[in-house]
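Please look over the structure shown here before reading the briefing that follows. The notes are grouped by topic and keep to what can be computed from the atoms.

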Amino acid sequence: MAVMLNSHEVPDLSSVWLRVFLEVARHGSFTVAARALGWTQSAVSRQIASLEAALGGAPLFDRLPRGVRLTEAGRILVPRAEAVAESLHGVARELADLREAAGGRLRFGAFATADAALVPHALAAFRGRHPRVRITREEGFTPGLLDRLTAGHLDLAVVSTTGRAPLETYDLHHLLDESLYVAVPAGHPLAGQDGPVRLGRLADADWISGSARPEGTLLDAALRQGFRPRVVHVVGEWTAKLGYVAAGLGVTLVPALAAESVRPDVALLPVLDEGAPARAVYVASARGRSLTPAAEAFVGALREAAARIP
């Protein structure tokens, strides 16, 4: 007597049963299906019997003198079983792609000057190796990027020690210790100087900065050298800062990551290293959260790109 399923009950089915069912349906024979699967005929019969019992007891095949034929219940099950099999195959393919960094997604953010050279070089190399990974990118200041990382909206964030952000609560992958340059007009008396310059020689200069206060900016380097720079122009964008320098309106500090984009009417002077790098650059990930293979591969591409930064 068939057992009727409650209308709200979801049958607990084995994917093995469905695989065997489809083989029998395809070949119209328990014997041929068993041969295709590399099983015994009795093992195939047991799997079909288990599937029929789980679905309420209605037979899925009519047993004929030669082979079997789908019942109405079996014909209803075929497209559903095929959809389940295809879905499982799709999951297996996606997971294989994920393991090999051949698919999946990568969400990362970076601060503005990292986007001048470091990130483009790394991204170009990564896309060449992993063209099927879906990439989304954000730009922002280090504190905001770290907030996005903590909230799970980013997998990685390229950040720096500028601004004294609390990096110690993240997993950090060191990329580089970044040197500084001071940008002066091409006709400035120091423009032709050989070798690094002490920032103290520019203590009386007008300065261009992204903030009126030097604390928490690149101008921390000036504070460490014993003077408070006079910021006369607050300008956010690097191209605009360099335009002000070229016009003779002041000088500004340029990190090594942005040095490639300096215009020809501006001279860059290396700042004398007083024992500590101006700032360190890291790629950060949320502590305790596993990196996907795509994220790990991108960290590698960032390290390769960082090695090319002067």
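In this predicted model, helix α8 contributes the most to the lining of the largest pocket, supplying four residues. That pocket has a volume of about 830 Å³, and of the 32 residues that line it, the closest to its centre are Ala-112, Phe-141, Gly-236, Trp-238 and Lys-241.

**Lining of the largest pocket**

- At least two lining residues come from each of α6 (142-150), β8 (206-209), α8 (238-246) and β10 (252-255).
- Sorted by class, the lining residues of the largest pocket comprise 12 nonpolar, 15 polar and five charged.

**Packing of α2 and α3**

- The axes of helix α2 (residues 30-37) and helix α3 (residues 41-54) come within 8 Å and cross at roughly 105°, which means that α2 is roughly perpendicular to α3.
- On the α2 side the contact is made by Phe-30, Thr-31, Ala-34 and Leu-37, while α3 brings Gln-41, Val-44, Ser-45 and Ile-48.
- In this contact between α2 and α3 there are five nonpolar and three polar residues, with no charged residues.

**Salt bridges**

- Side chains of opposite charge can pair when their charged atoms come close.
- With a cut-off of 4 Å between a side-chain nitrogen of Lys or Arg and a carboxyl oxygen of Asp or Glu, the count comes to 14 salt bridges.
- One of the salt bridges joins the side chains of Arg-148 and Glu-138, at 2.6 Å from N to O.
- This pair links distant parts of the chain, with Arg-148 in helix α6 and Glu-138 in strand β4 (residues 134-139), 10 residues apart.

Conventions. Residues are numbered from 1 along each chain as its sequence is written. This is a predicted model: local features need pLDDT of at least 70, side-chain atom pairs count only at pLDDT 80 or more; totals for chains, interfaces and linings use all residues. Side-chain values use heavy atoms; hydrogens and water are left out. On a 1 Å grid over the protein atoms alone, a cavity is a set of points where a 1.4 Å probe fits but cannot get out, and a pocket is an open set with protein on both sides within 12 Å along at least five of seven lines; lining residues have an atom within 4 Å of a point. Grid points are joined across faces, edges and corners, and a volume is the space filled by probe spheres set on the points. Ala, Val, Leu, Ile, Met, Phe, Trp, Tyr, Cys and Pro count as nonpolar, Asp, Glu, Lys and Arg as charged, and the others, Gly among them, as polar. Axes are lines fitted to C-alpha atoms, for helices over the stretch in contact, and angles run from 0 to 180 degrees between N-to-C directions. Angles under 35 degrees count as roughly parallel, over 145 as roughly antiparallel, 65 to 115 as roughly perpendicular and the rest as oblique. Contact means heavy atoms within 4.5 Å.
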